[in-house]
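Please keep the sequence and the 3D view open while reading.

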Amino acid sequence: MESIETDASTYLTTSFRFGDAIADLATKMLVKLGERQPVKGNPGIASRIGSTNPQAILARTNASTIGAVIEALDAGRKPHLVGEKSELMDMLRGVQSLKENEPSSCPAFFGFKSWNEVVDFARTDEGAHLVMFVNLVEKRGEKQLMWALNRTVDEEKADIIISTGTNRRVVSGSRFASRTTFCGALQVTGSLADLIPPRSGYYTSP
C-alpha cells in the first residue's frame with residue numbers, strides 16, 4: 001500500500017462490531033491524540049462502557065487472558081480457563097530463560113537472546129504486539145503469573161469462565177465481557193486516562 005502514489009484518500013471510520021458508546025469514547029481518545037475524524041458505531045448494537053460482573057470473559061491476546069485470570073483471583077473469584085494453558089506457561093518459562101540470558105524455545109521469543117532485548121523490541125512499532133505482555137511481566141513477575149494460571153479451576157467449580165475469541169461457544173447464553181487491551185497498549189496516563197471510567201477494562205455488547 002505504501003508504494004502506491006495517489007492524491008486520493010479516504011477514511012474507514014465506521015465499525016459494525018460495537019455501538020455508539022464505544023465509538024464515542026474512541027473518538028474522544030483519538031482527538032486527544034490529534035485525530036479529527038470521528039469514529040462511528042453500529043446503531044443496531046447496544047454497547048456500554050463501565051464496570052461489569054460477567055459470567056464469562058473473551059480475551060483477545062495471551063496477555064489479556066492472563067490479566068483477566070489475575071483480576072478474577074484478586075476479586076476472590078474462581079476462574080476457569082478454556083483450553084490448554086500450556087502456551088501461556090511456555091511463554092512464561094521463556095521469560096525465565098531469557099532473564100538468565102539463555103535462548104528460549106518459545107516461538108514468541110525466537111531470535112531473542114535476553115529479556116532486555118524483548119523489552120526493547122516491545123517499545124518499537126514492530127514489537128507493539130508484545131507491549132501488554134511485557135508490561136504484565138514487568139509489573140507482576142513471571143512467577144506470580146505462573147502461580148495465577150495454576151490457580152484456575154475446573155469448569156464445574158468456576159464462577160467465571162475466561163476464554164479466547166476462538167472459544168466463543170463457552171459463553172453462549174451467558175452475560176459476557178470482551179477484555180480490552182487498549183489501556184496496556186497505549187500506556188494511558190494523564191488527560192487521556194481521565195476519559196476512561198474507573199475499572200472499565202471491559203466493554204459489553206449483546
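## Basis

This is a predicted model: local features need pLDDT of at least 70, side-chain atom pairs count only at pLDDT 80 or more, and totals for chains, interfaces and linings use all residues. Residues are numbered from 1 along each chain as its sequence is written, and side-chain values use heavy atoms, with hydrogens and water left out.

Helices (H or I, at least four residues) and strands (E, at least two) are DSSP runs, numbered from the N terminus. Buried means under 20% relative accessible area, exposed means over 50%, and partly exposed lies in between (1.4 Å probe, protein chains only).

## Nonpolar core

In soluble globular proteins, nonpolar side chains tend to be buried together. A nonpolar core here is a set of buried Ala, Val, Leu, Ile, Met, Phe, Trp, Tyr and Cys residues joined through side-chain atoms within 4.5 Å. The largest such core holds 35 residues. Ile66, Leu92, Phe109, Trp115, Val118 and Phe133 have the most contacts inside it.

Six elements are listed as giving two or more residues to this core: α2 (62-74), α3 (86-99), α4 (115-122), α5 (131-140), α6 (142-150) and β4 (160-164). Helix α2 gives the most, with seven residues.

Rings of Phe, Tyr and Trp (its six-membered ring) pair if their centres lie within 6.5 Å; planes under 30 degrees apart count as stacked, over 60 as edge-to-face and the rest as tilted. The count is three aromatic pairs. Phe109 and Phe133 form a tilted one, 6.2 Å centre to centre, with 40° between the planes. The pair links distant parts of the chain, 24 residues apart: Phe109 sits in the loop between α3 and α4, and Phe133 in helix α5. Phe109 is buried at 1% relative accessibility. Phe133 is buried too, at 3%.

What does Trp115 touch, leaving aside its neighbours within four places in sequence? Its contacts (heavy atoms within 4.5 Å) are Val95, Leu98, Lys99, Phe109, Phe133, Val134, Val137 and Glu138.

## Helix α2

Helix α2 is mostly covered, with 10 of its 13 residues buried. Among them are Ile66, Val69, Ile70 and Leu73. Gly67 and Ser64 are also buried.

The expected span of a helix is 1.5 Å times one less than its number of residues. For the 13 residues of α2 that gives 18 Å, and the end C-alpha atoms are 18 Å apart, which agrees. Gly76 follows α2, and its phi is positive, near 80°.

## Strand β4 and its partners

Two strands pair if DSSP finds at least two bridges between them. Strand β2 (residues 56-59) runs parallel to β4, joined by four bridges. Leu58 has Ser163 of β4 as its bridge partner. Strand β3 (residues 79-81) also pairs with β4 in the parallel sense, over three bridges. Here Leu81 stands opposite Ile162.

Is β4 enclosed or open? Four of its five residues are buried, so β4 is largely enclosed by the rest of the structure.

## Salt bridges

A salt bridge is a side-chain nitrogen of Lys or Arg within 4 Å of a carboxyl oxygen of Asp or Glu. The structure holds five. One joins Lys99 and Glu142, with the closest N and O atoms 2.8 Å apart. Lys99 lies in helix α3 and Glu142 in helix α6, so the pair ties together parts that are 43 residues apart in sequence. Lys99 is partly exposed, at 38% relative accessible area, whereas Glu142 is buried, at 10%.

Asp90 and Arg93 form another, with their closest N and O atoms 2.8 Å apart. They are three residues apart in helix α3, about one helical turn. Asp90 is partly exposed at 37%. Arg93 is partly exposed at 37%. A further bridge joins Asp120 and Arg123 (3.4 Å, N to O). Asp120 is partly exposed at 45%, and Arg123 is exposed at 66%.

## A loop residue with positive phi

Most residues other than glycine have a negative phi. Asn101 has a positive phi, near 60°. Asn101 lies in the loop between α3 and α4. At 56% relative accessibility, Asn101 counts as exposed.
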